[in-house]
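Dear colleague,

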Amino acid sequence: MTKIVVVAACALVDVDGRILLAQRPEGKSMAGLWEFPGGKVEQGERPEETLIRELAEELGITVNEACLAPLTFASHAYEDFHLLMPLFICRRWDGVPRGLENQALKWVRAARLRDYPMPAADEPLIPHLLEAV
């Protein structure tokens with residue numbers, strides 16, 4: 001039986017319409033690839049709660065749940081697990097995002113997202129972001 005991993009991700013969009021990407025740091029699986037910030041949904045946790053927690057831990061920002069809007073999701077079979085990843089979009093938060101886990105951050109225009117190598121599950125999300133931004 002395939003293990004299903006649920007990860008919540010967020011497309012943070014700044015006032016200039018750019019989307020924040022985070023680069024997976026050395027030592028983690030898929031190191032060097034660019035992704036939308038977020039993390040694994042813990043037992044008993046809703047995806048929105050996961051994002052509020054992860055965005056605070058990873059980026060040092062505070063997000064209000066009302067500012068998280070569901071956009072789309074990815075369902076992708078990796079070799080040893082299946083990823084189910086809801087993607088939320090957020091245009092309002094408190095604080096300035098900074099890489100608290102030694103990850104590089106970049107603000108990228110939606111039309112340039114394909115210029116950054118991403119995990120296979122993230123790539124199909126790009127057309128949805130092109131329409132949303």
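Strand 2 and strand 3 pair in the antiparallel sense over 2 bridges, where strands are DSSP runs of E of at least two residues, numbered from the N terminus, and pairing requires at least two DSSP bridges between two strands. This is a predicted model, in which local features need pLDDT of at least 70 and side-chain atom pairs count only at pLDDT 80 or more, whereas totals for chains, interfaces and linings use all residues. Residues are numbered from 1 along each chain as its sequence is written, and side-chain values use heavy atoms, with hydrogens and water left out.

The open sheet has 3 strands in the order 3-2-7, with antiparallel pairing. Strand 3 (34–35) and strand 7 (105–109) stand at its edges with a single partner strand each, so one side of each lacks a neighbour in the sheet.

In strand 3, Trp-34 is the bridge partner of Gln-23, and at 8% relative accessibility Trp-34 counts as buried (under 20% relative accessible area, with a 1.4 Å probe and protein chains only). The ring centres of Trp-34 and Tyr-116 are 5.5 Å apart and the planes stand at 75 degrees, so this pair is edge-to-face (centres within 6.5 Å, planes over 60 degrees apart, the six-membered ring being used for Trp). Because Trp-34 lies in strand 3 and Tyr-116 in the loop between strand 7 and helix 2 (126–132), the pair ties together parts that are 82 residues apart in sequence.

Best regards

Definitions and conventions:
Helix = DSSP H or I, 4+ residues; strand = E, 2+ residues; numbered from the N terminus. Phe/Tyr/Trp six-rings, centres within 6.5 Å; stacked < 30°, edge-to-face > 60°. Buried < 20%, exposed > 50% of the residue type's maximum accessible area, 1.4 Å probe, protein only.
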